[in-house]
Amino acid sequence: MDADPGPTEKKGQPGLVSAALSGLCPRCRARTLFSAPAALADECRACGLDLRALERGGRFVGIVTMLLALALIMAALGADEWLRPPLWASFLFWGPVTVGSVIFALRFYKTMWVYHQYEERQP
Ligand SMILES: [Zn+2]
């Protein structure tokens with residue numbers, strides 16, 4: 001099918017969300033960006049791109065994560081006030097939701113940062 005590729009996507013660039021989810025290297029598009037669910041690899045295993053150098057300066061990552069965790073805890077407390085679910089149900093629901101959101105936020109933020117840094121360094 002010759003579908004319209006969409007006006008927002010740059011040519012040859014994967015969307016930032018899919019790049020964050022699959023951890024695509026900004027240079028070679030290999031799935032090498034993350035060595036752990038939310039930790040950047042030191043360098044790309046496929047093309048040797050120095051990811052640690054690109055990550056330098058991304059020090060708001062921790063603040064973003066803290067704010068997100070705080071917002072989720074507030075939401076959890078708010079939900080408890082309204083619904084008064086049993087404690088085990090709260091933990092069962094909010095545990096994975098919090099962990100999942102924080103990991104995704106970190107991945108997304110780091111990917112965004114690395115891609116931004118990578119593009120800035122292009123001649
Ligand atoms: Zn690479």
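Trainee: Which of the 13 residues in the largest nonpolar core touch the most other members?

Mentor: This is a predicted model, in which local features need pLDDT of at least 70 and side-chain atom pairs count only at pLDDT 80 or more, while totals for chains, interfaces and linings use all residues. Residues are numbered from 1 along each chain, as its sequence is written. A nonpolar core is a set of buried Ala, Val, Leu, Ile, Met, Phe, Trp, Tyr and Cys residues joined through C-beta atoms within 7 Å, where a residue is buried if 20 or more other C-beta atoms lie within 10 Å of its own, exposed if 12 or fewer, and partly exposed in between, with C-beta atoms placed from the backbone. Among the 13 residues of the largest such core, those touching the most other members are C25, L33, L40, L51 and V114.

Trainee: Which helices each supply at least two residues of this core?

Mentor: Helices (H or I, at least four residues) and strands (E, at least two) are DSSP runs, numbered from the N terminus. In soluble globular proteins, nonpolar side chains tend to be buried together. Here, the elements that each contribute at least two core residues are α1 (16-22), α2 (51-55) and α4 (87-120).

Trainee: In what order do the elements of the chain run from the N terminus on?

Mentor: The chain holds four helices and two strands. Read from the N terminus on, the order of its elements is α-β-β-α-α-α.

Trainee: Is L33 buried or exposed?

Mentor: L33 sits in the loop between α1 and β1 (34-36), and, apart from neighbours within four places in sequence, it is in contact (C-beta atoms, placed from the backbone, within 7 Å) with G23, L24, C25, L40, A41, L51, T111 and V114. The C-alpha atoms of L33 and R107 are 9.5 Å apart, although 74 residues separate the two in sequence. Because L33 has 23 C-beta neighbours inside 10 Å, it counts as buried.

Trainee: Which residues does C47 contact, leaving aside its neighbours within four places in sequence?

Mentor: C47 lies in the loop between β2 (39-40) and α2, and it is partly exposed because 13 other C-beta atoms fall within 10 Å. Its C-alpha atom is separated by 7.7 Å from that of R27, which is 20 residues away along the chain. C25, for its part, touches residues including C44, A46 and C47. Beyond four places in sequence, the contacts of C47 are C25, R27, C28 and A30.

Trainee: What is the C-alpha separation of G62 and L106?

Mentor: G62 belongs to helix α3 and counts as exposed because it has 10 C-beta neighbours inside 10 Å. L106 is one of the buried residues of α4. G62 and L106 are 44 residues apart in sequence, and their C-alpha atoms are separated in space by 8.4 Å.

Trainee: What is the phi of R84, a residue other than glycine?

Mentor: Most residues other than glycine have a negative phi, and most peptide bonds are trans. R29, in the loop between α1 and β1, has a positive phi of about 65°, and it counts as partly exposed because 17 C-beta neighbours lie inside 10 Å. R84 is in the loop between α3 (61-83) and α4 and counts as exposed because it has 8 such neighbours. Its phi is also positive, near 50°.

Trainee: Over which residues does pLDDT stay under 50?

Mentor: pLDDT is the predictor's confidence in each residue, from 0 to 100; its mean for the chain is 82, and 85% of the residues reach 70 or more. Where pLDDT is low, the predicted coordinates should not be read in detail. The stretch that stays under 50, with one contact beyond four places in sequence, is residues 1-11.

Terms used:
Two residues are in contact if their C-beta atoms, placed from the backbone, lie within 7 Å.
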